[in-house]
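Hello,

Here is the structure for you to look over. My notes on salt bridges and packing follow below.

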Amino acid sequence: MATAKAHTNIALVKYWGKKDQELIIPQTDSLSLTLNEFYTTTRVNFDPNLAADQVTINHELLSPAAAKRTSAFLDLVRQRSGRQQFARVDSINHVPTAAGLASSASAFAALAGAASAAAGLSLDRRELSRLARRGSGSATRSIFGGLVEWHRGHDDSTSFAEPIMEKLDFGLEMLAIMINTKKKKVTSRQGMQASVTTSPYYASWREVVATDMQAMKDAINRRDIPAIGHIAEENALRMHALTLSADPGYTYFNSATLTAIQTVRALRENGIDCYFTMDAGPNVKVIYDRQDRDRVISGLTQTFDRDQLVVSPAGPGIQIWNEDNNQALL
């Protein structure tokens, strides 16, 4: 029996589109910040007495249909380890599910860590990032802490994440404005595929990401938070332009999303250096230097309730331990 804890990540240069649906090979590279405040803890035990996988999320037992994606991932672990037994999976998600807060990233990273360890596999972090990718693309980045790059690669062995800076030595911080934590109507998988196959601007998106990846890494090397925020903000808007330009078009924005964007821009016009980004959901994340945290919060609480604002410094990489002896495995 093994347990793993993995944190979510929010992309500063977005992943939006797959080249290979089965292996989850992305169309482009991407780069993210792992967040300390949002995470998943998952325990896995392969049990010869089980007749099927049993998956519990937040103390609720999933139906076989709802657990199908988790069982498919466990099949990968069984194939690799030679284990035949079904597994009992207990997961506690400290992230709103499917609300654009990267819940699947922490969920499948934690599942990859716990299931592989429980099955007796000893994977290094690059191998774990490849395994986690098979559950959810962005999970590949949640194996590592801090700032992380996902190399798109061209096959299973070459598509993996690695850290750029695991322990940040400068003040980059993120704040989530919790606008709506309900499940979104268009899943990330559905949205990505629609954008790849129908948006007339998708080819340009690949060029945008290539340029933004290099500019973002240069900005990180300079510890230049205004440049990091500006690149992330523009990249997010261009990603969301792909949703509007798909056929049929769709959007993850709602009226409160636009209010949050306008509020961040107003703060910036009044001398507070802060920027926004959004994933596939209405919730807005604000990027700033932690020395400006109090001013950012003060400005946002003119529009939003304080309990809607969750401050998160950079988070750590995955932790895995043996439940039987509490020994750290990674």
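Lys-217 is partly exposed at 23% relative accessible area (buried is under 20%, exposed over 50%, partly exposed in between; 1.4 Å probe, protein chains only). Lys-217 forms a salt bridge with Glu-149, closest N and O atoms 3.2 Å apart (a side-chain nitrogen of Lys or Arg within 4 Å of a carboxyl oxygen of Asp or Glu). Glu-149 sits in strand β8 and Lys-217 in helix α5, 68 residues apart (DSSP runs numbered from the N terminus: helices H or I, at least four residues; strands E, at least two). Glu-149 is buried, at 6%.

This is a predicted model: local features need pLDDT of at least 70, side-chain atom pairs count only at pLDDT 80 or more, and totals for chains, interfaces and linings use all residues. Residues are numbered from 1 along each chain as its sequence is written, and side-chain values use heavy atoms, without hydrogens and water.

The whole structure has 17 salt bridges. Arg-223 pairs with Asp-169 at 2.7 Å. Arg-223 is in the α5–α6 loop and Asp-169 in the β9–β10 loop, so the bridge ties together parts 54 residues apart in sequence. Asp-169 is exposed, at 51%. Asp-53, Asp-75 and Arg-78 form a salt-bridge network.

Now the packing. The largest nonpolar core has 44 residues; Met-216 is among those touching the most other members (buried Ala, Val, Leu, Ile, Met, Phe, Trp, Tyr and Cys joined through side-chain atoms within 4.5 Å). A second, separate core of 33 residues includes Ala-6 and Ile-318.

Ile-320 lies in strand β14 and is buried, at 5%.

Best wishes
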